Amino acid sequence: MKKFISFSLIFLLCATFPFASANDVPPLISDEAGHLTSSEETKLQEKLQGIYDTYGVYAIVFTEEEMSGISAEDSAEDFYNYFFSGKDCIILYIADYDREYALSAFGKKGKDAFSDDELADVEDAILPHLKKDNFSDAIFAFTDEAENILDVYTNGSTGYKIAVISIAIILPFIIALIAMLVQLSKMKTAVKQHYATNYIRPGSMNISRSLNLFLYSVITKKPRPKPSNSSSGSSNSRSGKF
Amino acid sequence: MDTIQNYKCPCCGAPLVFDAGSQGLHCESCENKFDLDTIRQLDDAERLSGEESKFDWESYTPRDFTPVNGVDFSNYSCPSCGAEISGDDTMGSTICPYCGNSTIVKGQFEGVLRPDYIIPFKIDKKTAIAAFEADFKKRPFLPDLFRDKKKISEMAGVYVPFWMFDCDCNANLTYRANRTHIWSDSDYIYTKTDFYKLLRSGSLGFENIPVDASKKADDAYMEAIEPFDYSDAMDFGSAYLSGFLADKYDVSVEESILRANARVRNSTLAAFLETTAGFQNVCAERDNISFNNSKIRYSLLPVWMLNIKYMDKMYKFAVNGQTGKVVGEYPVDKKKKWKFFAKVAGISLAVTLAIAYFML
């Protein structure tokens with residue numbers, strides 16, 4: 001109930017806010033815990049809007065002082081379903097009293113861009129700040145890392161581009177060199193023979209003893225790799241305490 | 001006095017002790033248990049394969065030969081490479097077949113050693129030249145100027161001396177091998193590796209392994225023109241030499257044996273390795289190879305020889321006088337070589353850049 005009232009208030013605020021309603025922008029920031037100053041919020045709003053304009057994926061910050069009886073991941077999902085259902089999003093949820101956080105990606109593009117490895121990168125970027133209670137730093141670190149990941153997803157990483165171009169240029173010369181060496185080998189056919197296989201008398205091979213003696217066995221086992229995130233049908237998520 | 005047989009664990013090398021309960025042998029070090037009969041066989045096989053290989057060939061006694069049937073022979077010596085060749089008196093050729101020197105000297109016939117058999121030339125000079133020219137098509141970087149008809153016509157037919165080796169080869173071999181099986185359940189991936197010792201004993205027969213018995217003939221060329229078809233081999237007769245040159249051996253049997261041993265050994269190891277199929281890794285541990293029924297014979301085999309000088313370098317070629325197989329080392333046209341490189345690199349570059357475009 002508390003969650004419903006909270007979302008309704010946010011929705012009403014957005015609906016009555018002339019700028020927001022004019023541009024039909026859903027709430028990219030919901031800082032109920034009040035971690036951001038108004039100037040930080042303005043700066044963040046511009047940045048988050050810029051990310052959407054550039055990459056078509058919403059980066060969203062949602063903070064609460066206290067969790068409302070559901071998990072951090074469920075809180076992020078509720079927020080998504082209420083405001084962004086069907087859209088591509090990455091949501092950072094922070095509940096500072098419970099010291100819990102969640103990173104959840106929704107929509108096809110959102111989930112493709114933020115798979116488990118990328119969510120782990122975002123987590124690595126925000127956790128040091130959260131542990132020191134530097135919430136605004138954590139939020140801006142989330143924004144920066146999300147932007148980097150979306151840039152790599154959209155345009156490819158610089159390292160990847162260099163690697164592809166380098167291989168595309170070097171590989172043909174390697175292929176040509178190998179082909180040339182193969183052709184060159186045809187220019188010299190006078191080579192020594194190391195075997196006398198042509199001179200084995202047909203049917204002369206006689207095996208008088210052929211034993212395969214079992215000595216011992218060694219059995220090793222290693223744990224199957226398990227995904228560290230919960231990836232349901234609707235989202236890729238990562239959550240924990242800080 | 002009875003001797004006490006001590007067996008060692010094939011896994012760790014520790015002494016094995018008899019286990020009365022299982023009536024087998026037990027290793028107190030690695031806890032493995034073995035059947036007594038298995039360990040006896042293993043010990044027996046390791047003893048045999050650990051013995052030193054013996055390559056005992058019978059000795060060969062050379063026999064002098066005097067031409068008969070009214071064929072007059074002369075000796076030809078090359079002042080350039082020192083080759084001493086015999087040929088019938090009517091030979092018009094004055095080109096050394098080994099080095100291409102044209103100042104070959106005709107001298108008095110001094111006799112040759114009588115071969116056990118001879119494979120007569122089956123293809124004539126015209127066919128050999130045609131085979132050589134057909135071989136050009138398979139050589140991608142051959143300079144156009146190299147195809148000099150006049151030089152090619154100087155091809156000379158030579159009976160090259162070979163030692164022929166026959167033997168029945170007995171082998172005892174041991175290998176270490178393993179086989180891996182992988183399976184999994186919901187929590188773990190399991191890898192089971194079974195270790196084995198493989199014992200193989202048996203015999204393998206070889207016949208007519210040729211080893212070049214002429215110092216002047218390049219071993220690589222003479223081995224590369226193999227194989228010859230020995231069903232065409234005939235008892236030696238001087239009439240076969242008519243119209244051709246014949247070299248006499250100047251590499252002793254003892255020197256040639258080393259080459260025959262190496263080829264017999266390599267082929268025996270390869271043949272027995274094929275019997276170890278079914279294992280993922282097989283590593284030869286010990287081998288013991290010995291011969292019986294060994295036989296050495298002296299024979300003359302037909303080879304068309306040709307030397308072509310191109311850009312101040314002499315290029316040698318040999319054509320099997322029976323099968324027409326051509327071997328040699330051709331000159332390389334650098335312009336053709338780099339043109340080929342550029343062509344392949346250009347096509348590949350276009351393809352890889354197109355792929356890269358779609359990947360970026």
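Predicted model: local features only at pLDDT ≥ 70, side-chain atom pairs only at ≥ 80, totals over all residues.
## Chain B at a glance

Let's start with the overall make-up. Chain B contains 16 strands along with six helices. Of its 360 residues, 49% are buried. The accessible surface of this chain amounts to about 17900 Å², and carbon and sulfur atoms account for 51% of that area.

## A look at B:Asn320

Now to a single residue. B:Asn320 sits in strand β15 of chain B, which covers residues 313–320. Is B:Asn320 buried or exposed? Its relative accessible area is 0%, so B:Asn320 counts as buried, the cut-off being under 20%.

Which residues does B:Asn320 touch, apart from neighbours within four places in sequence? The contacts are B:Ile123, B:Ile225, B:Pro227, B:Phe228, B:Pro302 and B:Lys325. With B:Pro227 there is also a polar pairing: a polar atom of the B:Asn320 side chain lies 3.4 Å from the backbone oxygen of B:Pro227.

## The nonpolar cores

The largest nonpolar core has 91 residues, and the members that touch the most others are B:Phe132, B:Phe146, B:Trp163, B:Phe165, B:Met222 and B:Tyr330. Strand β10 of chain B (residues 156–184) supplies the largest share of this core, with 13 residues.

Note on methods. Residues numbered from 1 in each chain as written. Chains lettered and ligands numbered in written order. Heavy atoms only, no water. Helix = DSSP H or I, 4+ residues; strand = E, 2+ residues; numbered from the N terminus. Buried < 20%, exposed > 50% of the residue type's maximum accessible area, 1.4 Å probe, protein only. Areas by Shrake-Rupley, 256 points an atom, 1.4 Å probe, with all protein chains shown as cover. Polar contact = N/O pair within 3.5 Å; in protein donor to acceptor, adjacent residues only side chain to side chain. Contact = heavy atoms within 4.5 Å. Core = buried A, V, L, I, M, F, W, Y, C linked by side-chain atoms within 4.5 Å.
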